[in-house]
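Please look over the chain shown below before reading the report, which takes up its sheet, its cores and a few local backbone features in turn.

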Amino acid sequence: MAGIDCGTNAVRLLIADLPDLRQPAESGTGSAPEAGSPAGSVAAPLTDVVRRMEIVRLGEGVDRTRRLAPAAIERTRQALTGYAAELAEHGVERVRMCATSASRDAGNADEFVAMVQATLGVTPEVVTGAEEARLTFAGAVGGLAATAPAPYLVVDIGGGSSEFVVGADTVHRAVSVDVGCVRMTERHLRADPPTVAQIAAAEGDIAAAVDQALSVVLGPDRSGPPPTLVGLAGSVTTVAGIALRLDSYRADRLHHARISYDQVAEVTADLLAMPVGQRLRIPVMHPGRADVIAAGALVLRIVMERADVSSVVASEHDILDGICLSLR
């Protein structure tokens with residue numbers, strides 16, 4: 001079976017074996033419980049067969065035009081053509097594709113849907129923010145109990161939106177806000193490197209959205225100790241890789257790595273001061289992320305400040321894993 005996640009910046013594929021077995025919760029292993037699973041059990045772990053990502057920038061210009069650009073749809077079609085070959089090669093029988101923020105915002109999303117149907121033979125689901133949050137949480141928290149205590153505040157910093165989810169074994173509260181690395185770059189951080197005034201405008205925009213999200217998922221009084229912050233998506237893992245001074249992008253080193261607020265703040269300041277050409281020379285930097293990574297890092301820093309947490313646990317598992325788990 002396979003899951004495909006098509007966001008504002010990237011389209012990703014996971015082909016996985018998904019055992020039908022259940023594992024007792026006390027074993028301490030396995031992925032997140034699927035929605036509605038019985039108490040005291042968790043889903044058996046996914047076994048990756050293929051995991052791929054292509055930066056297609058589907059949401060390029062959507063914040064301004066509210067339409068998907070023909071060139072962006074074509075870039076996505078080319079990536080999906082490669083994914084279709086992978087699906088055929090591995091004899092995948094069940095495929096679920098979810099499209100998120102850019103497709104929700106676009107007035108011509110029907111053109112995108114028609115392209116996907118012609119390329120993959122499946123109909124993409126333009127999921128709601130609530131469904132995106134549920135799938136994200138399901139994919140993110142598997143295996144965390146051994147090293148990080150619940151409850152969890154899972155934050156997925158995407159290209160067009162960010163999802164905030166609080167839960168333990170299941171989702172308690174969730175919200176999606178229109179703050180992401182592509183949207184904030186296009187809206188505010190247009191200079192290379194961005195100006196002080198642009199950064200200040202972005203900070204204000206991000207802080208307002210983050211405060212709104214946290215009031216929903218944590219409550220206005222935020223009583224009790226802060227939950228474990230789990231950060232998802234390429235902005236978080238790239239910041240973690242820079243903080244850890246990795247000489248290449250190493251998913252095994254980044255998955256469940258814990259990064260302090262001071263490290264995040266230092267990396268964010270450095271990225272905001274760099275032109276894109278200098279960011280491209282950072283060993284862990286994906287070329288398609290260099291122009292938007294400073295905005296993503298800024299979102300992460302502000303989330304940590306407003307949630308009053310001292311560290312973030314990076315996760316390589318996210319909505320893509322949740323999509324596959326939903327096919328059980």
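The report that follows describes a predicted model.

## The open sheet

An open sheet of mixed pairing is formed by 5 strands, which follow one another in the order S5-S2-S1-S6-S7. Its edges are strand S5 (47-55) and strand S7 (125-126), each of which pairs on one side only.

S6 is mostly covered, since 4 of its 5 residues are buried.

## Helices on the sheet

Helix H4 (residues 109-120) lies across S1 and S6, and the direction of H4 makes an angle of about 160° with S6.

In soluble globular proteins, nonpolar side chains tend to be buried together. In this model the largest nonpolar core has 55 residues, and those with the most contacts inside it are Leu153, Phe164, Ile206 and Leu271. Helix H12 (residues 293-307) supplies the largest share of this core, with 11 residues. Apart from this core lies another one, of 27 residues, which includes Val11, Val56, Leu58 and Leu120.

The surroundings of Phe164 can be followed residue by residue: once neighbours within four places in sequence are left aside, Phe164 is in contact with residues including Leu153, Val154, Val155, Arg173, Val210, Leu214 and Val303.

## A buried serine in a loop

Ser161 is placed in the loop between strand S8 (152-157) and strand S9 (162-167). Because its relative accessibility is 3%, which is under the 20% limit, Ser161 counts as buried. The side chain of Ser161 makes a polar contact, at 3.0 Å, with the side chain of Glu163.

## Cis peptide bonds and positive phi values

Two cis peptide bonds deserve a look when the backbone is inspected. Ala150 and Pro151 are joined by a cis peptide bond with omega about 0°, and Pro151 lies in the loop between helix H5 (129-140) and S8. The peptide bond from Asp192 to Pro193 is also cis, with omega near 0°, and Pro193 is found in the loop between helix H6 (181-187) and helix H7 (196-217).

Positive phi values occur at Ala233, where phi is near 85°, and at Arg245, where phi is about 55° although the residue is not a glycine. Ala233 is in the loop between strand S11 (228-232) and helix H8 (234-243), whereas Arg245 lies in the loop between H8 and helix H9 (251-254). Are these two residues buried or exposed? Ala233 counts as buried because its relative accessibility is 17%, while Arg245, with a relative accessible area of 69%, is exposed.

Definitions and conventions:
Residues numbered from 1 in each chain as written. Predicted model: local features only at pLDDT ≥ 70, side-chain atom pairs only at ≥ 80, totals over all residues. Heavy atoms only, no water. Helix = DSSP H or I, 4+ residues; strand = E, 2+ residues; numbered from the N terminus. Buried < 20%, exposed > 50% of the residue type's maximum accessible area, 1.4 Å probe, protein only. Polar contact = N/O pair within 3.5 Å; in protein donor to acceptor, adjacent residues only side chain to side chain. Pairing = 2+ DSSP bridges. Contact = heavy atoms within 4.5 Å. Axes fitted to C-alpha atoms, helices over the stretch in contact; angles between N-to-C directions. Core = buried A, V, L, I, M, F, W, Y, C linked by side-chain atoms within 4.5 Å.
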